[in-house]
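Hi,

Here is the structure I said I'd pass on. Have a look at it first, and then read on for what turned up.

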Amino acid sequence: SEGAVLVEVPRLDEVRETFLEIRSTANERVVTVLKILSPSNKRPGAGREQYVAKRLDIFSSWTSLVEIDLL
């Protein structure tokens with residue numbers, strides 16, 4: 001009979017969050033930010049608080065925010 005195989009996966013200490021900015025060709029102003037949501041954006045804690053602060057900055061400007069949630 002075959003037994004389970006235990007595999008250890010290294011954990012990254014730092015998670016890099018990426019986004020895409022769309023800028024106006026006329027003045028290089030950011031007009032849209034495209035963000036793919038990650039688990040850290042949705043769970044309570046420092047990651048969520050940081051993301052909410054970034055959202056508020058975007059909402060208080062003329063920039064549009066597109067959020068994509070694949071999870």
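A quick definition before the strands come up: two strands pair if DSSP finds at least two bridges between them. Helices (H or I, at least four residues) and strands (E, at least two) are DSSP runs, numbered from the N terminus.

This is a predicted model, so local features need a pLDDT of at least 70 and side-chain atom pairs count only at pLDDT 80 or more, while totals for chains, interfaces and linings use all residues. Residues are numbered from 1 along each chain as its sequence is written, and side-chain values use heavy atoms, with hydrogens and water left out.

On confidence, pLDDT is the predictor's own score for each residue, from 0 to 100. The protein chain averages 86, and 90% of the residues score at least 70.

S1 and S2 make a hairpin with six residues between them, and Glu-28 in the turn has a positive phi of about 65°. Note that Glu-28 is not a glycine. The two strands, S1 at residues 19–23 and S2 at residues 30–36, are antiparallel and share five bridges. Within that pairing, Glu-21 has Val-33 of S2 as its bridge partner, and Phe-19 sits opposite Lys-35 in S2.

Taken as a whole, the sheet is open, with three strands in the order S1-S2-S3 and mixed pairing. S1 and S3 are the edge strands; each has a single partner strand, so one side of each has no neighbour in the sheet. From one strand to the next, the twist averages 15°. H2 lies across S2 and S3 and runs at about 145° to S3 (axes are lines fitted to C-alpha atoms, for helices over the stretch in contact, and angles run from 0 to 180 degrees between N-to-C directions).

Back to the loop between S1 and S2, which holds Ser-24 and Asn-27. The side chains of these two residues are joined by a polar contact of 3.3 Å. By polar contact I mean a pair of N or O atoms within 3.5 Å; within protein, one must be able to donate a hydrogen and the other to accept it, and residues adjacent in sequence count only if both atoms are side-chain atoms. The Asn-27 side chain also reaches the backbone nitrogen of Arg-29, at 3.0 Å. Ser-24 in turn touches Arg-29 and Val-31, if residues up to four places away in sequence are not counted (contact means heavy atoms within 4.5 Å).

Is Asn-27 buried or exposed, or something in between? Its relative accessibility is 48%, so Asn-27 counts as partly exposed. The cut-offs are under 20% relative accessible area for buried and over 50% for exposed, with partly exposed in between (1.4 Å probe, protein chains only).

Last one: Thr-63, in the loop between helix H2 (46–59) and strand S3 (64–68). Thr-63 counts as buried because its relative accessibility is 17%. A polar atom of its side chain lies 3.1 Å from the backbone oxygen of Val-30. Beyond its neighbours within four places in sequence, Thr-63 is in contact with Arg-29, Val-30, Val-31, Thr-32, Val-33 and Ile-58.

Cheers
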